Protein chains: 2
Amino acid sequence: MSEQPKYQQLAAALRREIDNGVYPPGARLPSESELSARFGASRNTVRNGLKLLVSEGLVTSSQGLGYDVRSHEVFELNASRFENLTFPQNGDSYTTDVTNAGRRPHQTLRVEMRPAPPDIAERLKVEAGSKTVLRFCHRYVDDVPWSTQATYYPGWLMERAPRLTEPGDIAEGTTRYLTGAGVEQVGYFDEIATRMPTPEEARLLEIGAGVPVLLWTRTGHSRDEPVRCTVTTLRGDLNRMNYEIGDLAALGGAE
Amino acid sequence: MSEQPKYQQLAAALRREIDNGVYPPGARLPSESELSARFGASRNTVRNGLKLLVSEGLVTSSQGLGYDVRSHEVFELNASRFENLTFPQNGDSYTTDVTNAGRRPHQTLRVEMRPAPPDIAERLKVEAGSKTVLRFCHRYVDDVPWSTQATYYPGWLMERAPRLTEPGDIAEGTTRYLTGAGVEQVGYFDEIATRMPTPEEARLLEIGAGVPVLLWTRTGHSRDEPVRCTVTTLRGDLNRMNYEIGDLAALGGAE
DNA sequence: TAGTGGTCTAGACCACCTC
DNA sequence: AGGTGGTCTAGACCACTAC
């Protein structure tokens with residue numbers, strides 16, 4: 001008779017109504033008991049259907065309030081430009097980009113000495129477990145948690161760039177500081193992956209159910225060897241990355 | 001007393017055991033009734049906890065069998081090289097890449113005339129709803145659904161490159177065909193985003209719960225204007241993208 | 001205080017897989 | 001046949017939000 005389970009029918013019906021604008025972004029869905037009456041299903045079955053929509057990232061739920069249709073706003077992140085070097089300003093490219101977009105950036109920084117995790121060690125071409133410096137940033141835009149960024153520097157860099165270990169910002173930006181110390185990054189290797197957040201990531205980024213993270217791993221190289229590895233964890237619902245490749249003069253956007 | 005809900009405690013405990021290798025990738029978890037006994041919880045509560053792990057992409061469930069720890073295998077996709085032009089082979093870069101990796105590629109192609117969707121129209125700099133050619137690929141690796149790829153060409157291209165509308169492969173590759181027709185792509189603009197799959201995408205890619213998709217939108221430009229827009233939808237659990245930027249001679253990998 | 005979602009239980013029946 | 005997960009129900013109590 002029914003072909004599809006009732007909770008999926010319910011989810012499909014609501015999904016269709018959301019798509020058609022019956023419930024536009026930001027709108028509140030009917031309550032569980034109303035839906036229960038409308039679809040002739042028990043409350044648990046209704047909850048099952050709603051949980052589907054939540055896990056698709058279409059709606060959110062808040063205790064005591066109800067279910068809201070999620071509204072999206074994405075921040076565009078240009079990853080193909082070289083960091084700092086092309087910018088006259090002080091500070092890192094994150095602060096620059098966010099400020100340029102008319103938003104208010106905010107970040108907390110933590111510096112630690114850490115043994116190199118295996119994946120990082122491989123990228124930095126050092127022994128797993130060998131000494132590295134970890135600079136960890138937790139970043140906000142207009143007080144919304146936006147991304148975390150963990151940059152690992154190999155232990156041998158410390159002699160040439162001791163300020164990396166100092167807790168606190170490096171005013172001119174770390175890339176520029178390294179360049180000044182004779183360690184210039186002439187190439188990047190970027191890797192991009194996606195997955196659901198770990199509970200820890202969900203906590204730090206205040207991610208609700210149904211929102212994946214974008215993992216951006218950038219390994220910076222001098223002319224001779226890798227000098228740093230940065231893992232940025234971005235909220236998937238708030239961020240989009242882009243790369244410009246080759247000649248884009250016709251776009252007019254490449255200044 | 002308990003601080004955390006029982007189903008989250010259960011999920012946390014199993015997550016820890018999975019991380020510690022008690023249940024390695026591919027292993028089967030205890031059945032719902034066993035977990036119910038172990039944690040002193042009703043079956044529904046156990047299911048709630050397991051659903052959490054499923055939605056995190058950590059485990060999968062199959063009716064009649066049980067819960068398995070997911071094992072990951074990722075395909076690396078180099079997006080910063082120019083397509084076709086740098087390869088002496090026939091065919092597209094997908095076929096080339098997959099074959100090089102020692103895997104067996106397979107794809108189905110569909111060609112349609114379609115009014116331009118708004119987001120595509122904007123990127124192609126044509127009117128929304130104007131005529132475009134859509135070439136849609138459904139791609140498999142070793143018979144596992146891997147990605148879908150939708151390429152839109154603006155209507156004005158048809159006069160110069162009529163073979164685009166023919167249903168069926170273009171042996172030398174579309175990029176090379178276009179170059180031969182006097183439409184050379186000299187630059188790409190790539191955008192990368194992530195989200196949970198729509199039900200349609202989940203069906204095509206046979207994606208289980210807890211697996212996001214990676215959306216890769218590439219707009220190819222001639223010296224004067226955009227000539228095509230390709231939207232690739234990749235299974236997030238099977239794919240990772242990378243970009244090489246600047247000079248990576250030290251890597252040794254840049255041939 | 002009333003309404004909302006969040007957690008939990010106990011039990012029923014079904015669909016799928018293996019033996 | 002017996003075990004597994006999938007669906008569904010009915011009802012209980014709690015936590016949060018609004019008024």
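**Entry 1: DNA strand C**

Of the atoms of DNA strand C within 4 Å of the protein, what share belongs to sugar or phosphate? I looked this up in a predicted model and found that the share is 64%, the rest belonging to bases.

I next asked which residues lie around DNA strand C. There are 26 of them, and those that come nearest are A:Arg43, A:Gln63, B:Lys6, B:Asn44 and B:Thr45.

**Entry 2: Individual distances to DNA strand C**

I then looked up single atom pairs. In chain A, the side chain of A:Gln63 has an N or O atom 2.8 Å from a sugar or linking oxygen of DNA strand C. In chain B, B:Ser42 uses its backbone: one of its backbone N or O atoms is 2.8 Å from a phosphate oxygen of DNA strand C.

I also noted which elements give two or more residues to the surface near DNA strand C. From chain A these are helix 2 (32-39), helix 3 (43-55), strand 1 (59-62) and strand 2 (66-69), and from chain B they are helix 1 (6-19) and helix 3 (43-55).

**Entry 3: A recorded domain in chain A**

I consulted the UniProt record, an unreviewed entry, which lists residues 4-72 of chain A as "domain: HTH gntR-type". In the model, I found that this span is 51% helix and 12% strand, and that its end C-alpha atoms lie 30 Å apart.

**Entry 4: Chain A against chain B**

How many residues does the contact take from chain B and from chain A? I found 46 residues from chain A and 46 residues from chain B. The two chains bury about 3,600 Å² between them, and 62% of this area is on carbon and sulfur atoms.

I counted four salt bridges between the chains. One salt bridge joins A:Asp247 to B:Arg223, with their closest N and O atoms 3.5 Å apart. For polar contact between chain B and chain A, the count is 13 residue pairs.

On the side of chain B that touches chain A, helix 3, strand 7 (187-195), strand 8 (213-221) and strand 10 (239-246) each supply at least two residues. Strand 7 of chain B gives the most, with nine residues. Sorted by class, this side of chain B has 19 nonpolar, 16 charged and eleven polar residues.

Technical notes: Residues numbered from 1 in each chain as written. Chains lettered and ligands numbered in written order. Predicted model: local features only at pLDDT ≥ 70, side-chain atom pairs only at ≥ 80, totals over all residues. Heavy atoms only, no water. Near = heavy atom within 4 Å. Polar contact = N/O pair within 3.5 Å; in protein donor to acceptor, adjacent residues only side chain to side chain. Helix = DSSP H or I, 4+ residues; strand = E, 2+ residues; numbered from the N terminus. UniProt positions renumbered as here; feature names shortened; annotations may be inferred. Contact = heavy atoms within 4.5 Å. Buried area = accessible area lost by both parts, 1.4 Å probe. Salt bridge = Lys/Arg side-chain N within 4 Å of Asp/Glu carboxyl O. Nonpolar A, V, L, I, M, F, W, Y, C, P; charged D, E, K, R; others polar.
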